[in-house]
Amino acid sequence: MHRVVCPGSFDPVTNGHLDIIGRASRLYDEVVVAVLMNVSKKSLFAVDERIDMLREVTKQYGNVSIEKFHGLLVDFCKARGIPMIVKGLRAVSDFDYELQMAQMNHSLAEIETTFMATNPLYSFLSSSLVKEIAGYGGDVSGLVPELVRDRLTERLAEVRPDR
Ligand code: PNS
């Protein structure tokens with residue numbers, strides 16, 4: 001039984017994240033998407049809202065589940081007996097930090113990391129840029145699932161009612 005964790009902030013989930021989750025779900029028996037509850041980082045969506053969107057947009061995959069976590073990712077993995085993390089690599093600029101985290105996670109708890117090359121369609125995509133574009137009224141269709149686009153529009157209208 002091959003189980004892996006796809007970790008992230010997912011604030012909000014993008015089509016790039018979904019591509020990695022979907023591909024992992026075809027390669028492994030079980031994929032646990034671990035959503036970081038980061039108290040020090042201000043997020044646009046509360047962790048339960050991020051989870052709700054992830055559940056909705058991954059419901060076609062029978063072997064994907066969504067959980068939240070705080071603290072060290074390796075502790076989350078160890079507590080569930082999951083030996084491997086799967087992450088997407090968009091560009092060389094991702095590599096230095098991702099390599100450092102992979103090596104640290106291995107050194108801390110012998111948790112392995114596998115990198116998947118991001119689909120070039122999404123290599124320029126990040127949750128931060130999606131929020132910025134949507135914040136200025138730009139069209140994020142094609143970058144995020146429709147449900148996420150609609151939730152972004154609603155949320156931005158609440159936080160920036162002058163727009
Ligand atoms: O989507 P993100 O914000 O790039 O995801 C980063 C994440 C959640 C994978 C990373 O910050 C993480 O693993 N945080 C948990 C705390 C931890 O384990 N830190 C040590 C990393 S070596």
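This is a predicted model: local features need pLDDT of at least 70, side-chain atom pairs count only at pLDDT 80 or more; totals for chains, interfaces and linings use all residues.
**Cavities**

My rule for one: on a 1 Å grid over the protein atoms alone, a cavity is a set of points where a 1.4 Å probe fits but cannot get out. Rolling a probe the size of a water molecule over the atoms shows where empty space is left.

Numbering runs from 1 along each chain as its sequence is written, and side-chain values use heavy atoms, with hydrogens and water left out.

The largest cavity comes out at about 50 Å³, a volume being the space filled by probe spheres set on the points, which are joined across faces, edges and corners. I listed its lining (residues with an atom within 4 Å of a point) as Ser9, Asp11, Leu36, Asn38, Lys41, Ser43 and Arg50. That lining splits into 1 nonpolar, 3 polar and 3 charged; I count Ala, Val, Leu, Ile, Met, Phe, Trp, Tyr, Cys and Pro as nonpolar, Asp, Glu, Lys and Arg as charged, and the others, Gly among them, as polar.

**Largest pocket**

Next I looked at open space, where a pocket is an open set with protein on both sides within 12 Å along at least five of seven lines. The largest pocket has about 1100 Å³. Of its 40 lining residues, Pro7, Gly8, Ser9, Lys87 and Glu98 are closest to the centre. By class I get 17 nonpolar, 15 polar and 8 charged for this lining.

Which element gives the largest share of that lining? It is α4, with 7 residues. I took helices (H or I, at least four residues) and strands (E, at least two) as DSSP runs, numbered from the N terminus.

**Ligand**

The ligand sits in the largest pocket, meaning that more than half of its atoms lie within 2 Å of the grid points. I found 13 residues around it, with Gly8, Ser9, Gly71, Leu72 and Leu73 coming nearest; near means a heavy atom within 4 Å.

I then checked for polar contacts (N or O pairs within 3.5 Å). A polar side-chain atom of Ser9 is 2.6 Å from a ligand oxygen, and a backbone N or O atom of Leu73 is 2.9 Å from an oxygen of the ligand.

For the shell around the ligand, α4 (92-109) gives the most, 3 residues. The shell divides into 7 nonpolar, 4 polar and 2 charged.

Technical notes. A polar contact is a pair of N or O atoms within 3.5 Å; within protein, one must be able to donate a hydrogen and the other to accept it, and residues adjacent in sequence count only if both atoms are side-chain atoms.
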